[in-house]
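Welcome, and do take a look around.

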Amino acid sequence: MNIIIDHFADDFDPHFKLFHELMPKKVRNILLVSTPYDAWILEEDCRLSEKIINEYRGLNLSNPPRLTWVSTAAKALERLQKKEFDMVITMPQLADMNAFEFGRLIKQIKPDLPVILLSQGILPEAEHKKKPLFYDYIDQTFVWSGNTDILVALIKSVEDRMNVAWDTKSAGIRVILFVEDSPEYLSSLLPIIYQVLVSQTQAVMEEGLNEEHRLLTMRARPKILLANNYEEATRIYKQFKPNILGVISDVRFPRNNQFDAQAGLKFLANIRQDRPHIPLLLASSEPSNAKKAKKIDVDFVDKNSPALHDQVRSFFLNKLGFGDFIFRLPNGREIGRASTLKAMERILPGIPIKSILYHATRNDFSRWLFARTEILLANRLRPFTTDDFADKVKELRDFLVLNIHARRRRRQKGVVANFDDQDFDQEIDFHKIGQGSMGGKARGIAFVSSLLQRQPEIYKKFNQVDILIPKTLVITTQGFETFIEENKLKSLAQANLTDKEVADEFLSAKFPGWIEKDLKAFLAKVKYPLAVRSSSLLEDARFRAYAGLYSTYMLPNDHDQLEKRLECLIDAIKLVYASTYFQGPRAFAKRVGQRTEEEQMAVIIQKLAGVRYGDYFYPTIAGVAQSHNFYPFGKMKQEEGIATIAMGLGKSVVEGERVLRFSPKYPKLLPQQSSVKDILENSQRYFYCLKMGAQCSELKINEDTTIARREVSDATSELPVKVLAGTYIPEEDRIRDTASLPGYKVLTFANLLKYNIFPLADILQDILAIGKEGMGCPIEIEFSVNLYENPDKKPAFSFLQLRPMTARSELSKVDILPKEKTSAFCFSTHALGNTENSEMADIIFVKPDTFDSAKTREIAREIGKLNFTLVKQKRKYLLVGPGRWGSADPWLGIPVTWEDISGVGAIVENSSTNLNADPSQGSHFFHNITTLGINYISITRNSKDFIDLEWLSSLNFHAENKFTAHIKLDQPFNLKVDGSTSNCVIFAPCSDELNDELG
């Protein structure tokens with residue numbers, strides 16, 4: 001037969017949605033009815049309430065119930081009329097009536113309310129045999145010996161009976177039937193059964209899952225159903241026959257209203273005939289029944305044995321599947337063990353076929369999986385028999401391996417698992433070290449992982465693409481706190497140190513040993529390149545989100561020595577920690593009113609997306625996409641979003657270098673490629689990649705220690721250029737959409753956007769829509785794409801980051817009057833924001849007469865000095881200059897950092913004959929502008945936009961440098977931005993004539 005698992009993963013919900021719906025009915029309120037003396041013994045001597053709570057905590061069970069005590073049956077009946085209770089526990093002798101009469105009265109009022117009789121001694125035989133009172137009005141009888149284990153057991157037993165019908169029908173939960181009419185033995189064995197059941201369910205759960213999944217999986221444990229007569233046992237067995245995992249039965253109990261000394265043997269014999277391989281256990285106080293049990297092929301335990309509890313526990317572990325899966329040959333010889341799904345997947349390929357056939361015919365695999373609450377996987381395997389694999393027996397083993405692997409992969413999607421240095425599972429996509437916060441950036445990645453698993457249709461729609469989250473390990477803020485406190489570095493938040501001095505302090509500090517131990521275990525199994533990224537509390541938060549302010553390091557992670565790789569990784573983490581106290585983040589924090597010493601840093605260690613080409617490693621494409629386009633062009637609409645892409649690492653994109661922008665809705669509409677000349681001028685010429693193969697270099701404050709900036713022309717033999725580039729033919733003055741021709745290679749991305757060899761535009765449209773709906777606001781994502789030489793290997797779309805875009809202000813309607821436009825010294829049809837501002841009187845601008853595109857770094861330094869003065873005076877200002885502000889490429893604009901312009905109130909980006917770059921949208925610089933609500937005004941050529949630089953140059957300069965000047969007006973100027981049209985005017989202090997016009 002063919003092994004089909006293509007749709008297997010669709011059956012599973014990685015967030016255990018099904019488990020959330022299990023055990024809907026809980027025992028939350030218990031009415032305890034007893035004499036004051038019995039109540040005193042239970043509460044004061046035995047500390048009943050306290051012990052129940054402790055028992056629940058010890059077993060990791062949630063919601064311990066509340067006890068309400070009354071002293072008489074009359075008071076109890078009165079309480080039952082006024083308040084809802086989930087269970088009644090009564091002692092045998094009450095002040096005003098016996099327990100059986102009390103039970104009858106309760107059932108008249110509330111027929112379905114469980115009534116439990118709890119006796120402090122063995123009930124007299126006469127009381128025990130009362131009929132029909134005993135069976136009709138008392139649901140179960142237990143003997144209290146002072147051990148609170150019985151209380152937890154009886155509560156869970158009632159809950160199991162309340163929920164079994166729903167849980168078996170909705171999720172196929174398994175049932176263990178326990179037939180016992182003796183309250184003494186029932187009270188002795190039931191706590192043991194529940195302890196084994198609960199503790200083993202915890203123990204066998206997949207290693208590495210988080211606490212939420214442990215608690216949810218606990219709901220899927222098998223149910224224990226009690227029966228104390230033959231008819232009831234038979235009814236339960238027939239009702240839940242497909243779900244019965246095993247049966248434990250006494251020998252002597254009522255049958256046809258008479259005690260039958262062979263009832264248990266008859267009951268189990270019938271089941272054995274009906275279900276040949278189901279585990280059955282006969283419990284008897286008469287050792288002679290062992291031979292009878294063997295005759296009908298069931299296990300046996302002697303109730304009088306001092307090892308009774310251990311023998312029952314052994315039955316659960318070895319027969320019901322709660323212990324290791326023990327692989328045996330047909331002669332019974334053990335040949336291997338598996339304790340987890342991971343171990344099962346690992347060991348199966350080496351197990352002989354005859355052993356696998358032996359266990360498959362006995363249904364051992366599905367039974368073991370059911371015991372581990374792997375209900376869906378067990379149900380998937382159970383319908384298949386060895387007959388299905390008669391022609392190709394080996395396929396049975398492959399079937400098991402592939403389906404277990406598919407299940408393990410699927411259940412781990414969207415899960416943030418606690419890292420375990422003893423058993424690091426590389427199949428899990430997202431681990432964390434520590435108990436603190438994961439920070440904003442890591443939360444965004446984890447949310448994406450979770451979000452995608454709730455959208456399985458995207459995987460079906462793009463089934464030829466691997467849509468994934470790179471393997472991620474997060475060191476939570478607990479690591480940062482420990483590092484700062486142990487090394488007494490908190491004072492650096494206020495110290496006047498340079499970034500290098502701060503970095504040196506951090507690099508020389510001692511790293512926490514508990515983190516180092518986990519990182520060593522991680523690197524022992526991981527040798528792929530790594531990105532070490534910041535994830536502070538404020539990064540990618542909904543409001544005032546930081547972006548691109550902290551350090552990121554790319555590590556080759558390919559040194560032969562583990563210790564060297566570990567040292568390099570720890571240095572990178574220390575430098576990310578150090579960047580919390582660098583000047584740029586501190587200036588930004590001051591601007592948003594955040595105290596630097598209150599910031600905390602988590603660190604993301606992520607598998608770097610890409611492919612190795614010789615000594616370099618990089619992705620085919622990296623990019624940023626936003627669900628809101630602040631600069632729509634032609635038929636584009638703002639809500640259709642925008643994407644910015646580049647070949648190689650995303651550094652080109654986030655730092656505002658020459659890249660390609662397009663709307664995912666209209667991928668062929670490219671304003672920067674309207675002519676051959678435009679394409680040649682605007683196309684990407686350089687790209688970034690990770691240097692490989694070198695010795696682990698000493699990391700410095702410079703993040704680019706391991707990064708190479710290469711020319712596209714140097715990589716023409718590498719796949720990304722072959723796929724993404726066209727060839728310029730000078731004789732024809734045209735660019736052909738192929739790189740196979742001789743000639744100058746130009747990155748046009750035509751194969752993606754025009755010929756759709758990879759559905760990037762379609763994926764981005766869907767991803768942006770999913771992310772926007774998930775976050776409830778406009779969003780921005782970072783992503784990468786890998787294409788491969790091997791046609792059998794799926795291309796990959798890696799989701800690197802998700803963050804909210806700061807919502808555009810819609811506070812009030814802003815009207816720009818015709819007179820304001822004619823009086824303005826600046827007008828733009830491409831402005832960001834929605835505001836009326838008349839609070840600024842300062843302007844810093846780049847003087848057009850002395851501007852030199854080769855001197856943009858010097859210009860940035862001059863602006864930084866002017867900014868420093870105005871920040872001290874707490875004066876916001878308008879910044880005016882050519883090209884792309886904040887660009888890392890000094891030939892595209894002024895390469896200012898946040899430290900240079902931390903006091904800016906609004907920015908004008910005007911065109912220049914020397915600098916004519918696209919707006920900064922998609923860069924970290926641009927993201928921070930939107931976060932702070934800074935109005936960003938673009939003056940584009942060939943439009944109605946203008947800025948009167950001559951008028952600015954004619955004003956008196958308050959301060960002047962070689963390339964820049966500071967103008968200080970007597971009165972504030974007026975800035976108006978209409979967010980609905982993206983129009984903006986800036987005009988000088990109102991004249992009397994304009995005041996009259998404005999009324």
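This is a predicted model: local features need pLDDT of at least 70, side-chain atom pairs count only at pLDDT 80 or more; totals for chains, interfaces and linings use all residues.

Guide: Residues are numbered from 1 along each chain as its sequence is written, and side-chain values use heavy atoms, leaving out hydrogens and water.

Visitor: Is α20 roughly parallel or roughly perpendicular to α31?

Guide: Helix α20 spans residues 439-453 and helix α31 residues 760-775, with axes 11 Å apart and an angle of about 110°. Axes are lines fitted to C-alpha atoms, for helices over the stretch in contact, and angles run from 0 to 180 degrees between N-to-C directions. Angles under 35 degrees count as roughly parallel, over 145 as roughly antiparallel, 65 to 115 as roughly perpendicular and the rest as oblique. So α20 is, relative to α31, roughly perpendicular.

Visitor: Is Ser437 buried, partly exposed or exposed?

Guide: Ser437 sits in the loop between β16 (430-433) and α20. Buried means under 20% relative accessible area, exposed over 50%, and partly exposed in between (1.4 Å probe, protein chains only). Ser437 has 24% relative accessibility, so the answer is partly exposed.

Visitor: Which residue in β30 is the bridge partner of Tyr728?

Guide: Strand β29 (residues 725-729) and β30 run antiparallel, joined by three bridges. Two strands pair if DSSP finds at least two bridges between them. In β30, Tyr728 has as its bridge partner Ile735.

Note on methods
Helices (H or I, at least four residues) and strands (E, at least two) are DSSP runs, numbered from the N terminus.
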